[in-house]
Amino acid sequence: MEITVFGAGNLGLACCAVLSQDNAVTLYTTRPHCEQESLAYTYEGEPDGSAPFAVTDDIKAACKADLVLCTYPAFLRQQFVADVEPFVEEGCAIGFVPGYGGVEYFCQDLIARGITVFGLQRVPYVSRSNWDERTAGILSAKDTLYVAALPKAKTEEIAALVEKLFDIPTVALREFLAVTLVPSNPLLHTSGAWGVFKDYKPGDTYPEQLMFYEQWNDDTSRFLLAYDDELQAICRALAPLDLSEVVSLREYYESPTPGAMTRKLKSIRAFEAVKVPLTPTPEGTFVPNWNDRMFTEDYPFGVAIIKDIALMAGVLTPTIDALLDFYRAQTGTSYLKADGASDKDTAASAMPRNFGLDTKEAFIEFYQS
């Protein structure tokens, strides 16, 4: 199978290392490269097989594939879609790994042309890779993957393909919205950052670089669970869409109480390296980095989307409102006015209203197609 991977970051290189063993893989990157490259590849610390793959910075050539995988962060995906749209052909499938962040709204014209668009709920691997060093390391792999596609009728076919490619059991989700609303980074990152910075005032500094989950406490877990409860209420309000596969964090982490959630998150080894988004000062102290992806990605492509859907569904969300108020107070960024009307930064988000999906009826119809 001819596969093009967009993105030479941790996940993109891990995908190249795995998929090139049995497929004709091309990596698209504008970083310095040869026409053929290979990677020093390790799987859970052990050297594994590695195969050469093609590399290109020609976007037209990159789109001549049976399958295109986009591993870009959410804030680059609208431009990615605009870049590939003139060149991908009917019969191609475009996958987003992972698929949250409103990617489906960017892809409406592609879907109308006969392109299958799909997204994974979560990444297949925790990985550490380095293009400059030509290394790809998979620290751990998911036991099961969950995928959905648009058109909806393509989901079973895509699930079988993903399972074959990644050699990981893959479940076909009932709804693509179960990918969009998966309670991952837009809940964990924003709740954790709120826990650290909720009392921050301009001029405050921190004496050292803080580790994200070391700072996590029961108050933060209480906030996270309240946020999670609001998300579950939104899912229930969107019937007839079946969003039972948006699994509550209480269930996903087997942590029904704040204390249990705090203990669980602090025990996950893959989380140990996550840092609080801070920037060093010339004086050797640290201040919040409001340009970190925990803010520039998880708010416009996470919190804002969830809030917009809540407004359409008629669900009250005091916890989500508190997050948006916090972000507005600290950065001046405002996606919505108090009455739910669009505000000055609405267009910088992936809220459904920006793509003509501004009523509950139109929103549900989009996902049932």
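In this predicted model, the sulfur of cysteine 92 sits 7.4 Å from the closest cysteine sulfur, which belongs to cysteine 63, and that is too far for a bond. A pair would have to come within 2.5 Å to count as a disulfide. Cysteine 92 is also tucked away from the surface: its relative accessibility is 4%, so this residue counts as buried.

Cysteine 15 is in no disulfide either, with the nearest cysteine sulfur, that of cysteine 16, lying 7.2 Å away. Cysteine 15 has a relative accessibility of 0% and therefore counts as buried. For reference, a disulfide is a covalent bond between the sulfur atoms of two cysteines.

Next comes the empty space inside. Rolling a probe the size of a water molecule over the atoms shows where such space is left. Here, one cavity of 30 Å³ or more was found, and the volume of the largest cavity comes to about 60 Å³.

As for what surrounds the largest cavity, the lining is made up of Tyr100, Gly101, Thr180, Leu181, Val182, Pro186, Phe301, Gly302, Ile305 and Ile306. Helix 13, spanning residues 299–313, supplies the largest share of this lining, with four residues.

How values were computed
Residues numbered from 1 in each chain as written. Predicted model: local features only at pLDDT ≥ 70, side-chain atom pairs only at ≥ 80, totals over all residues. Heavy atoms only, no water. Buried < 20%, exposed > 50% of the residue type's maximum accessible area, 1.4 Å probe, protein only. 1 Å grid on protein atoms, 1.4 Å probe; cavity = no way out; pocket = protein on both sides within 12 Å on 5 of 7 lines; lining within 4 Å. Points joined across faces, edges and corners; volume = space filled by probe spheres on them. Helix = DSSP H or I, 4+ residues; strand = E, 2+ residues; numbered from the N terminus.
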